[in-house]
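Subject: Structure handover

Hello,

Please have it open while you read.

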Amino acid sequence: MKLPRPTVRVRLTALYALLFGASAALLLGLSWWLVGRQLHRTLPDGFAHDALSDLGLQYVLAFAGTLIVAVALGWVVAGRVLSPLSRMTRTARRVSEQHLDERIGLSGPHDELRELADTLDSMLDRLSESFEAQRRFAANVSHELRSPLTVIRAEAEVALANPEPDPEELREMAEAVVAATERTEALLDGLLVLARSERGMLHREPLELSEVARDAIRAVEDEAGPAGVRLELRPDRARTRGDRRLIERLIANLVENGVRHNHPGGWARVEVWAADGAARLRVENSGPDLDRAAASQLAEPFKRLDRRDGRGAGLGLSIVRSVSEAHGGELWIAPRRGGGLTVEVALPREG
């Protein structure tokens, strides 16, 4: 039968008792030896032997009493030292997805246990924020998916309710279904890119950022032309290391955002350069005046300045932020003076 492993409190008590007992035994033994030498010098051997025997018995009793006191004090002290750990354990057991508001809140001196408790509280804060973000994300995804599916179902039910549908009505129904399907595909594609970047599924390779920007702009030119938006690239050498497809998607999302939230005759400019140990990208575009507080929230999933605008799912800038963070970069979003938006990304420089 396997014996249960002693607890930390039991082991600490045994350690305290062992150290205290060893010190007491050493002192008593040294005292007994010194007293014995003195007695043998001053008393006859018989009297000295009897006195040492009585003294030895008293020392043994004193050592036993000292050991008992050491065990009791060690048990109390170990309990007081480990009480913060017990508090942390109870808090950890109460924490669950439904009770993420539990905190240790340890007070007292700023020692190692206080540092551990504060670290665990910070971890619980991050977990709470993460779960809340996931709940909001799931709710937004279900809402965004429900809208095109509702359109598809309504169009299909209207077509089925008419026993003799008009060809023009069927064409309009088909166009509405195709548009809703394209919106769903764009949403799913954005979610896949977002998941890939957040999970670190990167294929890293050396990249010249200006070349990637040129390819990204080329992919958006077909949309910029009909919208009457002029695209401009100001390239400079800036090497980085990362997943080419994701970084190209990052730049394309920024340019698409600049084209879609612009006005006819407007412009969108992409600048690439290297500075301060980073490969930097800035995308500016003309457009309507933006509120600074609203602009700072555009990197959140499904955030759009105009919910009536059916283009996109509101994932463009959140994908930009996720891709930049996955590459160890930083993102800044600010409204541009005179209207429009300025977005800057800094990626680690290669070479």
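Predicted model: local features only at pLDDT ≥ 70, side-chain atom pairs only at ≥ 80, totals over all residues.

Gly 328, which follows helix H8 (residues 316–326), has a positive phi, near 75 degrees. Helices (H or I, at least four residues) and strands (E, at least two) are DSSP runs, numbered from the N terminus.

Residues are numbered from 1 along each chain as its sequence is written, and side-chain values use heavy atoms, leaving out hydrogens and water.

A positive phi also turns up at Asp 276, about 55 degrees, although Asp 276 is not a glycine. Most residues other than glycine have a negative phi. Asp 276 lies in the loop between E4 and E5 and is exposed, at 73% relative accessible area.

In strand E4 (residues 267–275) you will find Glu 271, which is buried, with a relative accessible area of 16%. Leaving aside residues up to four places away in sequence, Glu 271 touches Arg 234, Arg 280, Leu 281, Arg 282 and Glu 284; contact means heavy atoms within 4.5 Å.

Next, the helix pair. H5 (residues 209–227) and H6 (residues 244–260) pack at about 35 degrees, with axes 8 Å apart. Axes are lines fitted to C-alpha atoms, for helices over the stretch in contact, and angles run from 0 to 180 degrees between N-to-C directions. Among the residues that meet are Val 212, Ile 217 and Val 220 from H5, and Ile 247, Ile 251 and Val 255 from H6. By class, this contact has 13 nonpolar, no polar and 7 charged residues; Ala, Val, Leu, Ile, Met, Phe, Trp, Tyr, Cys and Pro count as nonpolar, Asp, Glu, Lys and Arg as charged, and the others, Gly among them, as polar.

Finally, how much space lies in the largest cavity? About 30 Å³. A cavity is a set of points on a 1 Å grid over the protein atoms alone where a 1.4 Å probe fits but cannot get out, and lining residues have an atom within 4 Å of a point. The lining is made up of Leu 254, Asn 257, Gly 258, Val 283, Asn 285, Leu 341 and Val 343. H6 gives the most to this lining, with 3 residues.

Best wishes

How values were computed:
1 Å grid on protein atoms, 1.4 Å probe; cavity = no way out; pocket = protein on both sides within 12 Å on 5 of 7 lines; lining within 4 Å. Points joined across faces, edges and corners; volume = space filled by probe spheres on them. Buried < 20%, exposed > 50% of the residue type's maximum accessible area, 1.4 Å probe, protein only.
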